[in-house]
Structures are given as structure tokens and as C-alpha cells.
Amino acid sequence: RGLLVHGRRVLWHTLSIMTSLRRRAAERAASVVGIALGERTSSFLLGLQWLFPAAILSRFFTGFATLAAARVMGPARFGEANLVLAATLWIQVPLLMGIPTALMHFVAKNEKNKSAWIGTALSALGFCSVITLVLGFAFAPAWARAQGILPLFFQWALLWCFGYTLYMGGTSLVSALERFRVRAVLDILFAVIMASLVATMYFQKKLDAFHYLMCLAIAYAVSGLAGLFTDTSVIKPHVDRHRLSQLLNYGAIATIGGVVNALLYSTGRLMANRYMTLGEVGVLSAYQAGSVQMASYLISIVVQAFFPLASRTPNQEELSKKMKRLLLLTAPLQVVAFGTLLVLYFALLGRAYPLIWTTAAVYVIAAVGAMSFGMLTWHMAAKGYRGILASSIIGLIAGLTNLVGCALLIPTWKVTGAGLASIGAAMVGVACCWVYGKWSAPQVERPSL
């Protein structure tokens, strides 16, 4: 008993010291990049304090499970699974209708009647998801033919999307309420369930593309339900017409972001399926998983804390300057981090997945570009209707650039061509963001002599 009491005191003092050190480190980092440590910045750093360790731990479990699955299945089966995941990005456009983004935006901006906004948003999300899944199964052959995949693969994608819808509903709810600790727990819960299910399939010798995808779907569904039932007092299912109109208007513009996401992250795999074998598609998917998709994952984690707080920040121009300064300062660190991650990823995958250094360099640059472009567009979306419309249009330009680049480069350069197309899309997107920032910046009148 004495040892337990002493151990509890040591643990408490250790946590107190770690909290103090994190606070000092945050203040030092904020002073370096010129960020005043106000209420919103403190809330953002507090959110990252929970989300980043959880993201690292979550990515460790899911990454290890994905690596093991890819190694066991081989490039061809891994290619099948990634074709299905690429198809889900297009299904998510009508499935979600931008409602999770609208939920985070309006709940953060409206301190009063949050339960009314939440109830309306979740009801709309449920309606859109049910209609999409029903029509998807009814017309699966036609949709599959349009994407160049088998109807069976498209049906697998619909099953995956069912679990993902629950996950988006639960995680966007807790993020909108700025309950970052709960959001971190949900990430870890998803990772543990997913890794456990993959391990179970492996020991039962049933680990193939279908079972791997179902492991993901079940993990998404369970963690999403956990988020929805964290605090049932704020969930009152009903539909308020005025709020529904605002949510759908904002969500309709955010839906363009879903199309952009599909153009940027699924085009390479779906187009590669037309010119390469399933094994080569699997190798391309491995390059993307260790670089560009990792950048997308990190953006999704940071946005959970950044977007609600940015939505209620009055001085958007100052926030934009701080964010751009931070992106520039961390760019060299991103190159090292993504490069190390990609090399380690292929080392663990084994000899079936050859690593070519020039191709790896291309995908590392693509990941850094995707990180900058993603954060810039999310900040624009936080400004309201005008901002999200601008970010959606710029995203479409970048996505179409990626589409044209893939069509021109993949037939000749194959895996490397898809990476070069991603770099071109990111460069065009960042350039458009810079031009829009200059055009929309308020003009300051010079004093007359």
C-alpha cells in the first residue's frame, strides 16, 4: 500500500512537470514564430497536445497493421484493396454532403442552441448516407463501370463507407464541441480495434483484401458510435428548417472539397489500373500510403483542432500570416520526416515492394506540397461562405491539374508519373492560394503627405 501511494505521488508530480514543460515549450515555439499565446492559440495548442500523441500512437497501430496486411497479401491483393479505397473517395461526396465540415463550423460559431445545430446536422447526415448507400447497391454495376473497377469492388467500397459515415459523425461532433481529449481517445480506439481485427484475420489465415477492408469498416463504426454516445444530452434528433438550410448551403460548397479530395488522392490509383498490373498498382499505393496519404492524415488530425478555432477567430489576416510562417519554418523538418517514414515503410514491406530512390524523392516532395496546400485551403474554408467557395474552386483547379497530369504521365512514367502529377497539383494549388490571398487582402490606405 505504501508503494502504491508513493507511486501515485511520483506519477502526479511527473504529469505536473510534463504539463509545465509542454506549456513552456508552447510559449517558446509561439514566440519564435511570432504567435501571441492568447485564448484561441492556447486552445489550439491544448488540442494538439492531445491529438498529436494520439495520432502518433494511432498511426503506429494502424500503420503496423497495414504494413503486415500489405506484406502478407502481396502487391496484387494490396492493389485490390487500394482500388476499393480509391472508389470510396468518390462515394463520400454524396454520402457526407459536406455536413461534418458544416457541423464543426456552425457549432463552433454559435455558442447558444448547440444541440439544435447538432441534431439537425446529424439528421441530415443520416438521411444522405442512407440514400447514397441504397442507390449505390442498386446501381453498383454502372458506378463500377464508370470507375473502371469490378462491381464486387464497388460493393466492398459501400460496406466500408457505412462504417466511415458513423466515424465522421462521431468525430466531427466531439471536434465541434472542442473535446479534444475524447477525440484523441477515439483515434486510439479505432487503431486498437483495427489492429486487433487484422491480427485475428491473420492468425485465422483469412487476411485478404475483403477482410482487410472490413476490419477498417468495423473499427470506424465502433469508434464512431463511441463518439456519438459520449454525451447524448447534446444530441436531440430533429430538423430545424432555417439551420438545415444554412448547413446544406455550406455543406454543398464543402462537397466540392470532397470532389477535390477524390481528384487528388484517388485519380492516380484508378487511372493506374488502366495502364498497369494490379501488382504495380499495389506498389504505387505503397508509395502514396507512406507519403501523400500520410500528409492527408496529418492534416485531418490538425484540422480537428484548427478548424473550429479558426472559424471563431476575428482577425483572419493575422492568423494567415502566422500559419504561412509556421509552414515555411517546418518545411525542412517535413522533408526529413516524410523521407524517413517512406524509407522505413518500404523496408518493412519487404522485397516484393521495390524502393527506387528517385521515385521516393518525388513522393516526399509531393507530401510536403500536399501538407502546405491542405492547410491553406482549410484556413480559407474557416472564413465562411466566401472562403470555402474560394478554397473549393482552387481545389478543383488543383484536382483537375492532377487529373491531367496523371493522364499524361502515368502511361509513360507509371508510378513516378503519379507522384509528379501530385507535385504539379500542389504547386498550382499553393500558387492559386497566394494569388487569392493577395487579391482578397484588405487595402490599407497610405497617409497623404
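This report covers the salt bridges and aromatic pairs of a predicted model.

## Salt bridges

Side chains of opposite charge can pair when their charged atoms come close. A search of the whole structure turns up four salt bridges.

## Arg77 and Glu80

Arg77 and Glu80 join their side chains in a salt bridge, at 3.5 Å from N to O. Both residues belong to helix α2, which covers residues 39-96. They sit three residues apart there, so about one helical turn separates them.

Arg77 is partly exposed, at 43% relative accessible area. Glu80 has a relative accessibility of 13%, so Glu80 counts as buried.

## Arg183 and Asp187

A salt bridge also links Arg183 with Asp187. Their closest N and O atoms are 2.7 Å apart. Helix α7, residues 180-203, holds both partners. The spacing is four residues, about one turn of the helix.

Arg183 has 3% relative accessibility. Asp187 has a relative accessible area of 2%. Buried means under 20%, so Arg183 at 3% qualifies, and so does Asp187 at 2%.

## Asp240 and Arg243

Asp240 pairs with Arg243 in another salt bridge. The closest N and O atoms lie 3.3 Å apart.

Asp240 is partly exposed, with a relative accessible area of 23%. Arg243 is buried, at 16%. The cut-off for buried is under 20%, so Asp240 at 23% does not count as buried, whereas Arg243 at 16% does.

## Aromatic pairs

The count of aromatic pairs comes to 17. One of them joins Trp160 and Tyr164, with ring centres 4.9 Å apart and planes at 20 degrees, so this pair is stacked. Trp160 and Tyr164 lie four residues apart in helix α6 (residues 151-176), so about one helical turn separates them. Both residues are buried.

Tyr345 and Phe346 give an edge-to-face pair. Their rings are 6.5 Å apart from centre to centre, with 65 degrees between the planes. Tyr345 is buried, with a relative accessible area of 9%. Phe346 is buried too, at 4% relative accessibility.

## An aromatic cluster

Ring pairs also build a cluster. Its members are Trp160, Tyr164, Tyr167, Phe190 and Tyr220. The stacked pair of Trp160 and Tyr164 thus belongs to this cluster.

Notes. Residues are numbered from 1 along each chain as its sequence is written. This is a predicted model: local features need pLDDT of at least 70, side-chain atom pairs count only at pLDDT 80 or more; totals for chains, interfaces and linings use all residues. Side-chain values use heavy atoms; hydrogens and water are left out. Helices (H or I, at least four residues) and strands (E, at least two) are DSSP runs, numbered from the N terminus. Buried means under 20% relative accessible area, exposed over 50%, partly exposed in between (1.4 Å probe, protein chains only). Rings of Phe, Tyr and Trp (its six-membered ring) pair if their centres lie within 6.5 Å; planes under 30 degrees apart count as stacked, over 60 as edge-to-face and the rest as tilted.
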